[in-house]
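Please look over the chain shown below. The report then takes its features one at a time.

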Amino acid sequence: MSHEGCPYDNTPMERFYNPLKNELVYRNHLFTKSALDEGLNRYVFVCYNHIRPPSYYGEQ
């Protein structure tokens, strides 16, 4: 992510954080650090990359 005032550099991270918050954080109660770590790993490596690949990979 870039410095303030340059919105073009933040777009890829915002495209990642929006579904992360909606699909993982708001739907689950992650009270401990280990639960958060396990949930993030499962979301990123299983759900985000394999089950629902981003549209820029050519799959929609």
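The sections below go from the whole chain to single residues.

## Overall picture

This is a predicted model. The chain has 2 helices and 0 strands. Helix H1 covers residues 7-25. Helix H2 covers residues 33-51.

The chain has 60 residues, and 15% of them count as buried. Its accessible surface comes to about 5,200 Å². Carbon and sulfur atoms account for 55% of that surface.

## The nonpolar core

The largest nonpolar core has 5 residues. They are Phe16, Leu20, Leu24, Tyr43 and Tyr48. Both helices take part: H1 and H2 each supply at least two residues of this core. H1 gives the most, with 3 residues.

Each member of the core is buried, because burial is part of what defines such a core: its residues must be buried and joined through side-chain atoms within 4.5 Å.

## The salt bridge

The structure holds 1 salt bridge. It pairs glutamate 38 with arginine 42. The closest N and O atoms of the pair are 3.7 Å apart.

Is glutamate 38 buried or exposed? Glutamate 38 counts as exposed, because its relative accessibility is 52% and the exposed class starts over 50%. Arginine 42 is partly exposed, with a relative accessible area of 43%.

## The loop between the helices

Threonine 32 has its place in the loop between H1 and H2. Its relative accessible area is 45%, so threonine 32 is partly exposed.

Which backbone atom lies 3.1 Å from a polar atom of the threonine 32 side chain? It is the backbone nitrogen of alanine 35.

Valine 25 is found in helix H1. At 39% relative accessibility, valine 25 is partly exposed. That class applies because the value lies between the limits of 20% and 50%.

How far apart are the C-alpha atoms of valine 25 and glycine 39? They are separated by 8.9 Å. Along the chain, the two residues are 14 residues apart.

Definitions and conventions. Residues are numbered from 1 along each chain as its sequence is written. This is a predicted model: local features need pLDDT of at least 70, side-chain atom pairs count only at pLDDT 80 or more; totals for chains, interfaces and linings use all residues. Side-chain values use heavy atoms; hydrogens and water are left out. Helices (H or I, at least four residues) and strands (E, at least two) are DSSP runs, numbered from the N terminus. Buried means under 20% relative accessible area, exposed over 50%, partly exposed in between (1.4 Å probe, protein chains only). Accessible areas come from the Shrake-Rupley method with a 1.4 Å probe; for residues, only the protein chains shown count as cover. A salt bridge is a side-chain nitrogen of Lys or Arg within 4 Å of a carboxyl oxygen of Asp or Glu. A polar contact is a pair of N or O atoms within 3.5 Å; within protein, one must be able to donate a hydrogen and the other to accept it, and residues adjacent in sequence count only if both atoms are side-chain atoms.
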